[in-house]
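Thank you all for coming. I would like to take a few minutes on one model, and I will start with a convention before turning to the fold itself.

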Amino acid sequence: MNMDFVNLTPENLANEHLCCIIRSKKPHPGVEAKRQWLSERLEEGHVFRKLNEKAVVFIEYAPLETAWTPVLGDSYYYIYCLWVCGESKGKGGIAAAMHVDGTDVPWEEPKRYNLFMALYQTILRVMFNAPRFFAALPATNGKLTRPLVFYLILGMFQTLVERMWYLMSIQASGPSITDPKLQEVLGDVAQSMSLPLTILLTPGILAIQLCFFASVFYLMLRLVQPENVQFRTVFRVIAYSAAPTVVCVVPLVGPLVGSIWFGVCCFIGCKYSMRLPWSRTGLALGPLYLIAFAIGMQLIRQFLSMSA
(Lines give C-alpha, C1' and ligand atoms only; values in the text may rest on other atoms or scores of the structure.)
Protein backbone atom coordinates (compact mmCIF):
# COMPACT_ATOMS: atom_id res chain seq x y z
CA MET A 1 0.00 0.00 0.00
CA ASN A 2 1.18 3.50 -0.84
CA MET A 3 2.25 5.25 2.38
CA ASP A 4 2.36 8.79 0.99
CA PHE A 5 0.22 10.97 3.25
CA VAL A 6 -1.00 14.51 2.75
CA ASN A 7 -2.29 17.10 5.22
CA LEU A 8 -5.25 19.21 4.24
CA THR A 9 -4.37 22.90 3.98
CA PRO A 10 -6.28 26.02 2.94
CA GLU A 11 -4.55 25.68 -0.45
CA ASN A 12 -5.58 22.07 -1.22
CA LEU A 13 -8.81 21.76 0.78
CA ALA A 14 -11.11 22.38 -2.20
CA ASN A 15 -9.47 19.67 -4.34
CA GLU A 16 -8.89 16.82 -1.86
CA HIS A 17 -11.49 14.22 -0.95
CA LEU A 18 -12.57 13.96 2.69
CA CYS A 19 -12.35 10.15 3.05
CA CYS A 20 -15.56 9.50 4.96
CA ILE A 21 -17.79 10.44 1.99
CA ILE A 22 -15.51 8.97 -0.67
CA ARG A 23 -17.85 6.14 -1.63
CA SER A 24 -20.61 8.48 -2.76
CA LYS A 25 -20.37 9.59 -6.42
CA LYS A 26 -23.22 12.08 -6.07
CA PRO A 27 -22.79 15.57 -4.56
CA HIS A 28 -23.48 15.55 -0.84
CA PRO A 29 -24.39 18.67 1.18
CA GLY A 30 -22.37 17.39 4.12
CA VAL A 31 -19.14 17.51 2.10
CA GLU A 32 -19.22 21.26 1.50
CA ALA A 33 -20.37 21.87 5.08
CA LYS A 34 -17.38 19.85 6.32
CA ARG A 35 -15.03 21.73 3.97
CA GLN A 36 -16.29 25.06 5.28
CA TRP A 37 -15.88 23.91 8.87
CA LEU A 38 -12.35 22.67 8.14
CA SER A 39 -11.37 25.94 6.47
CA GLU A 40 -12.06 27.69 9.77
CA ARG A 41 -10.51 25.02 11.98
CA LEU A 42 -7.22 24.68 10.06
CA GLU A 43 -6.26 28.15 11.24
CA GLU A 44 -6.52 26.87 14.82
CA GLY A 45 -4.04 24.02 14.38
CA HIS A 46 -6.60 21.40 13.28
CA VAL A 47 -4.98 18.51 11.36
CA PHE A 48 -6.64 16.28 8.77
CA ARG A 49 -4.00 13.79 7.54
CA LYS A 50 -4.96 11.21 4.93
CA LEU A 51 -3.51 8.71 2.52
CA ASN A 52 -2.70 10.39 -0.79
CA GLU A 53 -4.95 8.15 -2.87
CA LYS A 54 -8.63 7.26 -3.19
CA ALA A 55 -8.93 5.32 0.05
CA VAL A 56 -10.31 5.69 3.56
CA VAL A 57 -7.14 5.99 5.63
CA PHE A 58 -6.94 9.11 7.76
CA ILE A 59 -6.60 10.71 11.17
CA GLU A 60 -8.21 13.97 12.23
CA TYR A 61 -7.18 15.76 15.41
CA ALA A 62 -6.67 19.18 17.00
CA PRO A 63 -5.07 20.80 20.06
CA LEU A 64 -7.43 20.25 22.97
CA GLU A 65 -7.52 24.00 23.64
CA THR A 66 -9.30 24.60 20.30
CA ALA A 67 -11.12 21.28 19.86
CA TRP A 68 -14.91 21.22 19.65
CA THR A 69 -15.38 19.09 22.74
CA PRO A 70 -16.41 19.80 26.36
CA VAL A 71 -13.06 18.56 27.68
CA LEU A 72 -10.57 20.87 29.39
CA GLY A 73 -6.82 20.37 29.52
CA ASP A 74 -3.44 21.70 28.50
CA SER A 75 -0.89 20.22 26.09
CA TYR A 76 -3.14 17.43 24.77
CA TYR A 77 -4.57 16.56 21.37
CA TYR A 78 -8.19 15.59 20.79
CA ILE A 79 -8.62 12.90 18.10
CA TYR A 80 -11.87 13.42 16.20
CA CYS A 81 -11.54 10.40 13.95
CA LEU A 82 -9.05 7.61 13.24
CA TRP A 83 -10.22 5.32 10.45
CA VAL A 84 -8.90 2.67 8.05
CA CYS A 85 -11.47 0.99 5.84
CA GLY A 86 -11.66 -1.69 3.14
CA GLU A 87 -8.56 -3.08 1.44
CA SER A 88 -6.28 -0.81 3.47
CA LYS A 89 -6.94 -2.72 6.70
CA GLY A 90 -4.04 -4.56 8.29
CA LYS A 91 -1.33 -2.81 6.24
CA GLY A 92 0.00 -0.37 8.82
CA GLY A 93 -2.07 2.58 7.69
CA ILE A 94 -2.91 3.74 11.20
CA ALA A 95 0.70 3.71 12.36
CA ALA A 96 1.80 5.50 9.20
CA ALA A 97 -0.93 8.14 9.53
CA MET A 98 0.08 8.90 13.11
CA HIS A 99 3.77 9.18 12.16
CA VAL A 100 4.34 12.68 10.82
CA ASP A 101 7.35 12.40 8.52
CA GLY A 102 6.73 15.74 6.87
CA THR A 103 7.13 19.04 8.66
CA ASP A 104 4.47 21.37 7.28
CA VAL A 105 7.32 23.91 7.31
CA PRO A 106 8.20 24.48 3.63
CA TRP A 107 11.66 25.83 4.49
CA GLU A 108 12.50 22.44 6.07
CA GLU A 109 11.32 20.39 3.08
CA PRO A 110 13.94 20.94 0.35
CA LYS A 111 12.76 17.84 -1.53
CA ARG A 112 9.30 19.34 -2.04
CA TYR A 113 10.13 23.02 -2.58
CA ASN A 114 12.84 24.91 -4.39
CA LEU A 115 14.75 27.51 -2.39
CA PHE A 116 12.69 30.54 -3.39
CA MET A 117 9.31 28.81 -3.02
CA ALA A 118 10.28 27.34 0.36
CA LEU A 119 11.27 30.79 1.62
CA TYR A 120 8.17 32.43 0.15
CA GLN A 121 5.70 29.83 1.48
CA THR A 122 7.24 29.85 4.97
CA ILE A 123 7.10 33.64 5.19
CA LEU A 124 3.51 33.62 3.96
CA ARG A 125 2.36 30.98 6.46
CA VAL A 126 4.03 32.64 9.44
CA MET A 127 2.64 36.07 8.58
CA PHE A 128 -0.94 35.07 7.81
CA ASN A 129 -1.51 31.69 9.48
CA ALA A 130 0.80 31.72 12.50
CA PRO A 131 -1.29 29.52 14.85
CA ARG A 132 -1.41 26.59 12.43
CA PHE A 133 2.21 27.00 11.38
CA PHE A 134 3.59 26.99 14.91
CA ALA A 135 1.24 24.25 16.09
CA ALA A 136 3.06 21.92 13.65
CA LEU A 137 6.56 22.62 14.98
CA PRO A 138 6.62 19.96 17.76
CA ALA A 139 5.94 17.27 15.16
CA THR A 140 9.14 18.02 13.26
CA ASN A 141 12.65 16.69 13.70
CA GLY A 142 13.83 19.75 15.60
CA LYS A 143 17.06 20.45 13.69
CA LEU A 144 18.27 24.01 14.11
CA THR A 145 20.41 24.58 11.01
CA ARG A 146 17.64 25.53 8.61
CA PRO A 147 15.80 27.79 11.09
CA LEU A 148 19.10 29.55 11.76
CA VAL A 149 19.72 30.05 8.03
CA PHE A 150 16.15 31.35 7.63
CA TYR A 151 16.75 33.91 10.38
CA LEU A 152 20.09 34.94 8.85
CA ILE A 153 18.55 35.43 5.41
CA LEU A 154 15.72 37.58 6.77
CA GLY A 155 18.10 39.49 9.03
CA MET A 156 20.56 40.20 6.21
CA PHE A 157 17.72 41.32 3.98
CA GLN A 158 16.40 43.67 6.66
CA THR A 159 19.87 45.06 7.39
CA LEU A 160 20.65 45.80 3.74
CA VAL A 161 17.21 47.32 3.03
CA GLU A 162 17.36 49.58 6.10
CA ARG A 163 20.91 50.58 5.13
CA MET A 164 19.68 51.52 1.67
CA TRP A 165 16.78 53.61 3.05
CA TYR A 166 19.09 55.34 5.54
CA LEU A 167 21.67 56.31 2.91
CA MET A 168 18.93 57.52 0.57
CA SER A 169 17.43 59.65 3.34
CA ILE A 170 20.84 61.19 4.07
CA GLN A 171 21.32 62.04 0.41
CA ALA A 172 17.83 63.50 0.14
CA SER A 173 18.07 65.61 3.30
CA GLY A 174 21.72 66.59 2.91
CA PRO A 175 21.17 69.90 1.07
CA SER A 176 18.70 71.10 3.71
CA ILE A 177 21.06 70.46 6.65
CA THR A 178 23.05 73.60 7.47
CA ASP A 179 24.49 72.62 10.85
CA PRO A 180 28.17 71.64 10.24
CA LYS A 181 28.29 69.35 13.28
CA LEU A 182 25.20 67.45 12.17
CA GLN A 183 26.61 67.16 8.66
CA GLU A 184 29.82 65.74 10.10
CA VAL A 185 27.95 63.22 12.24
CA LEU A 186 25.82 62.05 9.32
CA GLY A 187 28.90 61.79 7.14
CA ASP A 188 30.70 59.66 9.71
CA VAL A 189 27.66 57.37 10.06
CA ALA A 190 27.39 56.95 6.29
CA GLN A 191 31.10 56.08 6.02
CA SER A 192 30.87 53.59 8.88
CA MET A 193 28.09 51.71 7.05
CA SER A 194 30.57 50.00 4.74
CA LEU A 195 28.81 47.38 2.62
CA PRO A 196 31.58 44.73 2.79
CA LEU A 197 31.90 45.23 6.55
CA THR A 198 28.12 44.98 6.96
CA ILE A 199 27.96 41.74 4.98
CA LEU A 200 30.89 40.31 6.94
CA LEU A 201 29.74 41.14 10.47
CA THR A 202 25.95 40.91 10.25
CA PRO A 203 25.59 37.07 10.13
CA GLY A 204 27.58 36.63 13.35
CA ILE A 205 25.68 39.40 15.10
CA LEU A 206 22.35 37.90 13.99
CA ALA A 207 23.32 34.41 15.19
CA ILE A 208 24.26 35.78 18.62
CA GLN A 209 21.04 37.80 18.68
CA LEU A 210 18.92 34.75 17.89
CA CYS A 211 20.61 32.64 20.57
CA PHE A 212 20.16 35.44 23.10
CA PHE A 213 16.45 35.90 22.32
CA ALA A 214 15.84 32.15 22.40
CA SER A 215 17.67 31.76 25.72
CA VAL A 216 15.74 34.58 27.41
CA PHE A 217 12.39 33.30 26.13
CA TYR A 218 13.30 29.76 27.15
CA LEU A 219 14.20 30.76 30.71
CA MET A 220 11.01 32.78 31.15
CA LEU A 221 8.83 29.98 29.76
CA ARG A 222 10.56 27.38 31.93
CA LEU A 223 9.58 29.35 35.03
CA VAL A 224 5.91 28.97 34.11
CA GLN A 225 5.74 25.59 32.32
CA PRO A 226 8.97 23.64 32.97
CA GLU A 227 7.70 20.26 31.73
CA ASN A 228 6.64 21.33 28.20
CA VAL A 229 9.34 23.78 27.14
CA GLN A 230 12.29 22.72 24.98
CA PHE A 231 15.04 25.07 23.85
CA ARG A 232 14.96 23.69 20.30
CA THR A 233 11.30 24.58 19.96
CA VAL A 234 11.80 28.09 21.36
CA PHE A 235 14.79 28.61 19.06
CA ARG A 236 12.76 27.65 16.01
CA VAL A 237 9.81 29.80 17.04
CA ILE A 238 12.03 32.89 17.33
CA ALA A 239 13.80 32.11 14.05
CA TYR A 240 10.62 31.71 11.99
CA SER A 241 8.92 34.63 13.69
CA ALA A 242 11.35 36.86 11.81
CA ALA A 243 9.25 36.34 8.67
CA PRO A 244 7.26 39.61 9.01
CA THR A 245 10.45 41.67 8.98
CA VAL A 246 10.25 41.56 5.17
CA VAL A 247 7.88 44.53 5.42
CA CYS A 248 10.99 46.64 6.03
CA VAL A 249 10.87 47.28 2.27
CA VAL A 250 8.20 49.87 3.08
CA PRO A 251 9.97 53.17 3.88
CA LEU A 252 9.63 54.77 7.33
CA VAL A 253 6.93 52.54 8.88
CA GLY A 254 8.11 49.17 7.52
CA PRO A 255 10.81 48.43 10.13
CA LEU A 256 8.52 49.43 13.01
CA VAL A 257 5.60 47.35 11.72
CA GLY A 258 7.91 44.42 11.08
CA SER A 259 9.33 44.56 14.61
CA ILE A 260 5.87 44.63 16.20
CA TRP A 261 4.69 41.81 13.94
CA PHE A 262 7.80 39.83 14.88
CA GLY A 263 6.93 40.20 18.57
CA VAL A 264 3.35 39.10 17.99
CA CYS A 265 4.49 36.01 16.06
CA CYS A 266 6.92 35.10 18.85
CA PHE A 267 4.09 35.26 21.38
CA ILE A 268 1.69 33.23 19.21
CA GLY A 269 4.44 30.76 18.33
CA CYS A 270 5.31 30.05 21.96
CA LYS A 271 1.67 29.56 22.84
CA TYR A 272 0.82 27.14 20.01
CA SER A 273 4.10 25.26 19.65
CA MET A 274 4.19 24.35 23.34
CA ARG A 275 0.40 24.06 23.78
CA LEU A 276 0.35 26.70 26.51
CA PRO A 277 -2.78 28.54 27.66
CA TRP A 278 -2.88 32.24 26.80
CA SER A 279 -2.68 33.08 30.50
CA ARG A 280 0.58 31.21 31.08
CA THR A 281 2.09 32.52 27.87
CA GLY A 282 1.28 36.05 28.97
CA LEU A 283 2.61 35.43 32.47
CA ALA A 284 5.91 34.15 31.08
CA LEU A 285 6.49 36.62 28.27
CA GLY A 286 4.59 39.66 29.52
CA PRO A 287 7.56 41.07 31.49
CA LEU A 288 9.81 40.78 28.43
CA TYR A 289 7.35 42.68 26.26
CA LEU A 290 6.93 45.37 28.91
CA ILE A 291 10.71 45.83 29.06
CA ALA A 292 10.91 45.98 25.25
CA PHE A 293 8.09 48.54 25.20
CA ALA A 294 9.83 50.71 27.80
CA ILE A 295 13.12 50.58 25.89
CA GLY A 296 11.32 51.46 22.66
CA MET A 297 9.61 54.45 24.23
CA GLN A 298 12.92 55.67 25.63
CA LEU A 299 14.57 55.43 22.20
CA ILE A 300 11.69 57.35 20.65
CA ARG A 301 12.04 60.12 23.26
CA GLN A 302 15.78 60.37 22.60
CA PHE A 303 15.19 60.53 18.86
CA LEU A 304 12.58 63.26 19.24
CA SER A 305 14.85 65.26 21.57
CA MET A 306 17.71 65.03 19.06
CA SER A 307 15.41 66.12 16.23
CA ALA A 308 14.26 69.12 18.25
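A crossing is called left-handed if the near helix is turned anticlockwise from the far one by less than a right angle, and right-handed if it is turned clockwise. Please keep in mind that this is a predicted model, in which local features need pLDDT of at least 70 and side-chain atom pairs count only at pLDDT 80 or more, while totals for chains, interfaces and linings use all residues. Residues are numbered from 1 along each chain as its sequence is written, and side-chain values use heavy atoms, with hydrogens and water left out.

The protein has 10 helices and 4 strands, where helices (H or I, at least four residues) and strands (E, at least two) are DSSP runs numbered from the N terminus. Along the sequence, the pattern reads β-α-β-β-β-α-α-α-α-α-α-α-α-α. Of the 308 residues, 41% count as buried, meaning under 20% relative accessible area, with exposed being over 50% and partly exposed in between (1.4 Å probe, protein chains only).

Let me turn to the pair H7 and H8. Their axes, which are lines fitted to C-alpha atoms over the stretch in contact, with angles running from 0 to 180 degrees between N-to-C directions, come within 9 Å and cross at roughly 125 degrees. That makes H7 oblique to H8, since angles under 35 degrees count as roughly parallel, over 145 as roughly antiparallel, 65 to 115 as roughly perpendicular and the rest as oblique. The crossing of H7 and H8 is right-handed.

Which residues meet there? From H7 the list includes Leu 210, Phe 213, Phe 217 and Leu 221, and from H8 it includes Phe 231, Val 234, Phe 235 and Ile 238, with contact meaning heavy atoms within 4.5 Å.

Leu 210, in helix H7, is buried, with a relative accessible area of 0%. Leaving aside neighbours within four places in sequence, Leu 210 is in contact with Leu 148, Tyr 151, Phe 235, Ile 238 and Ala 239. Its C-alpha atom is separated by 9.6 Å from that of Arg 236, 26 residues apart along the chain.
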